[in-house]
Amino acid sequence: MTLTQIEHVFRELLYGLRRNLRSHLAPVTLMASALFVFGLFVIGTVNLRETIRIAQERVGIAIYLRDDADEADRAELEEVLSRLGGVRAVRYRTKEEALESFRATLGSRAYLLEGVEGNPLPASFELDLYDDWKFADRMGAMAEEIRRMPGVDVVVWGESWVESLERWIYFFVAMDLFLGAALGVSTLLVVGNTMKLAIEGRRDAIQVLRLVGARPWQIRLPFLMEGALLGLLAAAIALFLLDRSWRFAVERLSGVLFLGGGGAAAFLLFGAVLGGCGSLLSLHRYLRVKR
């Protein structure tokens with residue numbers, strides 16, 4: 001591309017922006033509205049994934065030892081548990097630690113333990129698992145294997161809770177994918193039709209450029225850049241509105257996450273790409289007509 005051609009592209013871009021400044025208001029507003037709805041979905045997805053992550057962090061296996069298990073049994077069991085596939089960490093809790101933890105849980109009602117002789121709570125192991133092992137079938141098989149080990153009295157892993165969590169995760173992920181696909185297509189259609197309306201008013205200018213022998217890329221490039229700039233502006237407006245909405249929500253519901261710096265940059269880039277693609281798709285029909 002020569003310097004003259006680059007100059008022509010930018011001149012056409014500035015001319016188009018300046019001449020159609022008012023007519024760009026409606027496309028930008030429509031694109032910002034579509035991107036705002038899409039942004040709400042993205043923020044909802046971010047918070048859904050965080051909720052699932054927190055819920056999965058609580059998934060683990062508790063192993064209560066028999067009272068007659070001695071120190072040698074405990075050390076041997078800890079060695080075996082640490083070598084099990086899927087185990088990220090093994091924590092041992094003595095009977096005294098278990099009692100103190102229970103006392104702290106009771107809080108102001110800890111006096112209820114004053115009438116209890118000795119320490120009825122067993123020593124235990126707590127297993128942290130890798131995420132890909134936090135499924136009911138894998139945890140059930142692991143729990144069954146641990147129950148057969150010497151020194152083990154009871155193994156608890158929240159079977160019903162883990163199965164319910166799995167079902168809810170599958171349901172939410174499926175809904176998330178469905179809504180994401182539907183909203184993505186809807187946003188693309190809105191942006192494409194919006195850019196088509198914006199370009200419709202410049203049909204004559206496109207025909208003149210074709211008649212004077214302008215190459216297709218010389219016609220497309222200014223529109224591509226113009227569409228990208230409009231998309232970027234619409235994304236910035238949508239991001240501002242999302243930020244205001246998030247601040248409103250977080251004052252009433254703590255813990256709501258927003259897009260981070262990388263997420264905000266990706267959202268702006270997405271808007272620019274969407275605007276550019278919408279512009280190119282809309283322009284295609286005018287360049288397809290034979291002279």
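**Largest pocket and overall fold**

The lining of the largest pocket is made up of 7 nonpolar, 3 polar and 2 charged residues, where Ala, Val, Leu, Ile, Met, Phe, Trp, Tyr, Cys and Pro are taken as nonpolar, Asp, Glu, Lys and Arg as charged, and the others, Gly among them, as polar. The model is a predicted one, in which local features need pLDDT of at least 70, side-chain atom pairs count only at pLDDT 80 or more, and totals for chains, interfaces and linings use all residues. Residues are numbered from 1 along each chain as its sequence is written, and side-chain values use heavy atoms, with hydrogens and water left out.

The volume of this largest pocket is about 200 Å³, a volume being the space filled by probe spheres set on grid points that are joined across faces, edges and corners. On a 1 Å grid over the protein atoms alone, a pocket is an open set of points where a 1.4 Å probe fits, with protein on both sides within 12 Å along at least five of seven lines; lining residues have an atom within 4 Å of a point. Among the lining residues are Y64, R93, F102, L121, F125 and E126. Two or more residues each come from β1 (60-65), α4 (95-106) and β3 (124-129), and α4 gives the most, with 4 residues.

Turning to the whole chain, there are 9 helices and 4 strands; helices (H or I, at least four residues) and strands (E, at least two) are DSSP runs, numbered from the N terminus. Their order from the N terminus is α-α-β-α-β-α-β-α-β-α-α-α-α. Of the 291 residues, 35% are buried, meaning under 20% relative accessible area with a 1.4 Å probe, protein chains only.

Definitions and conventions
Buried means under 20% relative accessible area, exposed over 50%, partly exposed in between (1.4 Å probe, protein chains only).
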